[in-house]
Amino acid sequence: MIKKINRWLSMALVNNLSFKGFFEPLIQLLFSGWNATGYRAKVVKIREETHDVFSLALKVSKRWKGFKAGQHIEISFRQNGANVSRIFSISSPPYLHKKQRLIELTIRIQSNGRITPWLPNALKIGEFVNISASKGDFVIKNTTKPLLLIAGGSGITPFRSMIAQLMNMHHSSNIKLLYYGNKADFLFADEFNSLKEKHKNLSISFVQSNISGRICLDHLQKYCANFNHRDVYICGPSNMIKGTEQLLLENNVDIENIYFEYFGPAPIKKLDVETKGIVQFSQSLKNFATLPGMPKTLLEIAESLNLKPITGCRMGICHQCICEKKQGVVYNTLTKVFSDTGNEDIQLCVSLPVGDVNINL
Ligand code: FES
């Protein structure tokens, strides 16, 4: 009710759905990058890590509340006049933020992406960007147990934060990092090696998957023989996580002791329901026939038809892809809930059409 009154009042007085939306551009004339819902952060350094990975160091505003090692943030900036945002893990440790208000995001350039190839040249030192509060549950749950951290590729970034923080806290139990990478370009290898030298309870194995193959029981036994007595944290591409989780479960690791975070969208499971139907995009007058056994999100379907809905994280976190469903049932792959048949807002990036669906796009 209060929301409705607010909306009505701001429409009546400033012809905008919210006062915030009206005043934000005016305040930004004085304080560039000011944001009513997020936090300002100043770009202080852009550091090349490898030919396709860079780290972005940000000095965050005093209002920003901090983070736990392993969490991520949403960062927003303007690209060609439009607001865009992406989610990235924080790769630096919380103690750095506490001491200097600095955080680092380590970003791999996706050659076909719209944002990451543009970002390192577009951002300028001294410029302000907007960031969200820290989010995410991929944090160390019980610091007294020995840990096995398994990283695949860019999935190393939250572990860099966790390990640096644990070492800074003089964490005493044993930590094993098993880091899989293609070729030999392991991120932060020098930094990890120097931490390993200083802390006897930390050991690290860099595994080149193009030579040694993917994670398997032999690897676990070779690099971390007591793996099934540890809490295991996994971060990497979705197929690597699924395979590793399965391997651990088959080898007596309790599901309660396995924690993971997908680096990218979570895999879509096969649905036990009819996915055959017609997706109609009513504004653009485009249709798509879905086939059983080949689940595609509404975002994938829209983009395959060259539609350009607003997107951000593409994994159900930022809510930027919300769109009106006029009719039909969709399945939300995050909440595992089927929608009703009527009109409602849905997230395109995590919604699968179930039968005929009409989308206002
Ligand atoms: S793009 Fe972020 S929730 Fe869909």
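So, which strand is Asn130 found in? Asn130 sits in β6, residues 128-131, with strands taken as DSSP runs of E, at least two residues, and helices as runs of H or I, at least four, numbered from the N terminus.

Quick caveat: this is a predicted model, where local features need pLDDT of at least 70, side-chain atom pairs count only at pLDDT 80 or more, and totals for chains, interfaces and linings use all residues. Residues are numbered from 1 along each chain as its sequence is written.

Back to Asn130: it counts as buried because it has 21 C-beta neighbours inside 10 Å. The cut-offs are 20 or more other C-beta atoms within 10 Å for buried, 12 or fewer for exposed, and partly exposed in between, with C-beta atoms placed from the backbone. Its C-alpha is 5.7 Å from that of Ile75, 55 residues apart along the chain.

Okay, the sheet. It's open and parallel, five strands in the order β9-β8-β7-β10-β11; pairing here takes at least two DSSP bridges between two strands. β9 (202-208) and β11 (258-262) are at the edges with a single partner strand each, so one side of each has no neighbour in the sheet. Neighbouring strands are turned by 15° against each other on average, direction ignored; axes are lines fitted to C-alpha atoms, for helices over the stretch in contact, and angles run from 0 to 180 degrees between N-to-C directions.

β10, residues 231-236, pairs with β11 over five bridges, and Gly236 has Tyr262 in β11 as its bridge partner.

Last one: helix α6, residues 189-198, lies across β8 and β9, at about 150° to β9. Contact means C-beta atoms, placed from the backbone, within 7 Å.

Terms used:
Contact = placed C-beta atoms within 7 Å.
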